[in-house]
Amino acid sequence: MAFGNLLKPEAVKVVTSVTSKKRLLQEIGDLVQVAHDIHSGIVTEALMAREALGPTGVGHGVALPHARLDGIKTVMGVFVLLDKPIDFDAVDRQPVDIAFALFAPEEAGVEHLKALALVSRTLRDASVCSKLRANPDASTLFAILNESKPAKAA
């Protein structure tokens with residue numbers, strides 16, 4: 001699995017107006033609608049339902065919101081870089097400024113887990129996150145993510 005399978009250039013965005021977790025999830029829903037033609041309300045609702053089970057802020061300023069969606073055929077993602085970090089109830093209580101949201105078909109099993117592992121490993125790499133934070137341009141962010149070679153899981 002590679003980022004090229006998960007992420008399209010139009011699914012990467014720098015956001016400047018988000019001040020809350022709820023607003024970030026809505027922004028992700030809007031981005032999914034633009035990039036993947038899935039109604040933003042459905043996406044936002046699925047993300048909110050998943051967050052109700054437990055926050056997806058994994059630490060070090062990174063959140064990995066994810067949900068299963070009816071009607072999609074493959075695992076897909078969107079990437080958002082925030083200009084100002086927000087509270088996301090992360091495990092380390094640090095604010096979040098990087099969010100990579102993943103969406104999988106209802107029946108997806110191992111592919112969803114492989115995608116989540118790829119994104120998680122990549123965004124645990126401090127040098128990748130530093131590059132992302134230093135380049136607030138969507139096309140550059142897309143390139144950085146696609147060039148990243150995450151370490152293999154042990």
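## Charges, fold and helices of a predicted protein chain

In the protein chain, the mean positions of the 17 positive and 18 negative charges lie 5 Å apart. Here Lys and Arg count as positive and Asp and Glu as negative, while His and the chain ends are not counted; each charge is placed at NZ of Lys, CZ of Arg, CG of Asp or CD of Glu. The model is predicted, so local features need pLDDT of at least 70 and side-chain atom pairs count only at pLDDT 80 or more, whereas totals for chains, interfaces and linings use all residues. Residues are numbered from 1 along each chain as its sequence is written, and side-chain values use heavy atoms, with hydrogens and water left out.

The protein chain contains six helices and six strands, in the order α-β-α-α-β-β-β-β-β-α-α-α along the sequence. These elements are DSSP runs numbered from the N terminus: helices are H or I with at least four residues, and strands are E with at least two.

Of the 154 residues, 48% count as buried. Buried means under 20% relative accessible area, exposed over 50%, and partly exposed in between, using a 1.4 Å probe and protein chains only.

Two helices are set out below. The expected span is 1.5 Å times one less than the number of residues.

| Helix | Number of residues | Distance between end C-alpha atoms | Expected span |
|---|---|---|---|
| α2 (residues 21-36) | 16 residues | 22 Å | 22 Å |

The buried residues of α4 include H112, A115 and L118. Which elements do the buried residues of α4 pack against? Their partners are α1 (3-6), β3 (62-63), β4 (66-69), β6 (96-105), α5 (126-133) and α6 (138-147). Contact means heavy atoms within 4.5 Å.

In α2, the buried residues include K21, L24 and E27. The buried residues of this helix pack against β1 (12-15), α3 (40-53), β5 (76-86) and β6. After α2 comes D37, whose phi is positive, near 60 degrees.

Helix α5 contains S127. Is S127 buried or partly exposed? S127 is partly exposed, because its relative accessible area is 41%. Its C-alpha atom is separated by 10.0 Å from that of S148, 21 residues apart along the chain.
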